[in-house]
Amino acid sequence: MRLRPAGAVLSGTVRDKTSGKPVKRITVGYIDVDAKAGGSSPLASDGEFHVTLPTRCDLVIIVRAKGYKGWAYTDPLSPSRPVVRLGAGERKELDIQLEPSGQD
């Protein structure tokens with residue numbers, strides 16, 4: 001048996017920016033800025049998500065849900081480079097608020 005290093009995990013909560021209620025049926029997507037990896041995970045949870053990500057690459061993270069404007073990750077320490085970069089076994093927790101789009 002060959003063991004590989006553990007992937008990185010992105011987890012968090014997604015709430016309605018206006019009501020504060022959990023958003024159901026979200027999609028968490030990611031793409032490597034060098035176009036080497038990408039994917040998305042549609043999740044039918046009560047506003048919580050846990051997604052395994054590739055390691056050692058710069059990823060753009062996008063969260064979407066029907067009836068809401070999309071959300072993209074921005075690093076508060078480096079807003080000019082809005083990417084997530086995690087190593088094997090690392091975890092990152094996000095608390096996201098989606099703004100209703102006014103359209104269903």
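Predicted model: local features only at pLDDT ≥ 70, side-chain atom pairs only at ≥ 80, totals over all residues.
Residues are numbered from 1 along each chain as its sequence is written, and side-chain values use heavy atoms, leaving out hydrogens and water.

Strands here are DSSP runs of E with at least two residues, numbered from the N terminus, and two of them pair if DSSP finds at least two bridges between them.

## Strand β1 and its partners

β1 (residues 8-16) pairs with β7 in the parallel sense over eight bridges; Thr13, for instance, has Asp95 as its bridge partner in β7. On the β4 side, β1 runs antiparallel and is joined by six bridges. Eight of the nine residues of β1 are buried (under 20% relative accessible area with a 1.4 Å probe, protein chains only; exposed is over 50%, partly exposed in between).

## Salt bridges

The structure holds four salt bridges, each a side-chain nitrogen of Lys or Arg within 4 Å of a carboxyl oxygen of Asp or Glu. One of them joins Asp58 and Arg81 at 2.4 Å, N to O. This pair links distant parts of the chain, 23 residues apart: Asp58 is in the loop between β4 and β5 (59-65), and Arg81 in the loop between β6 (71-72) and β7. Asp58 is buried at 14% relative accessibility, whereas Arg81 is partly exposed at 42%.

Asp58 also meets Arg85 in a salt bridge (3.2 Å, N to O). Another salt bridge pairs Glu99 with Lys69, their closest N and O atoms being 3.4 Å apart. Glu99 lies in the segment after β7 and Lys69 in the loop between β5 and β6, so the pair ties together parts 30 residues apart in sequence. Through shared partners, Asp58, Arg81 and Arg85 join into one network.

## Confidence

The chain averages a pLDDT of 87, and 92% of the residues score at least 70; pLDDT is the predictor's confidence in each residue, from 0 to 100. Among the chain's elements, β7 has the highest mean pLDDT (95) and β3 (residues 38-46) the lowest (78).

Definitions and conventions. Helix = DSSP H or I, 4+ residues; strand = E, 2+ residues; numbered from the N terminus.
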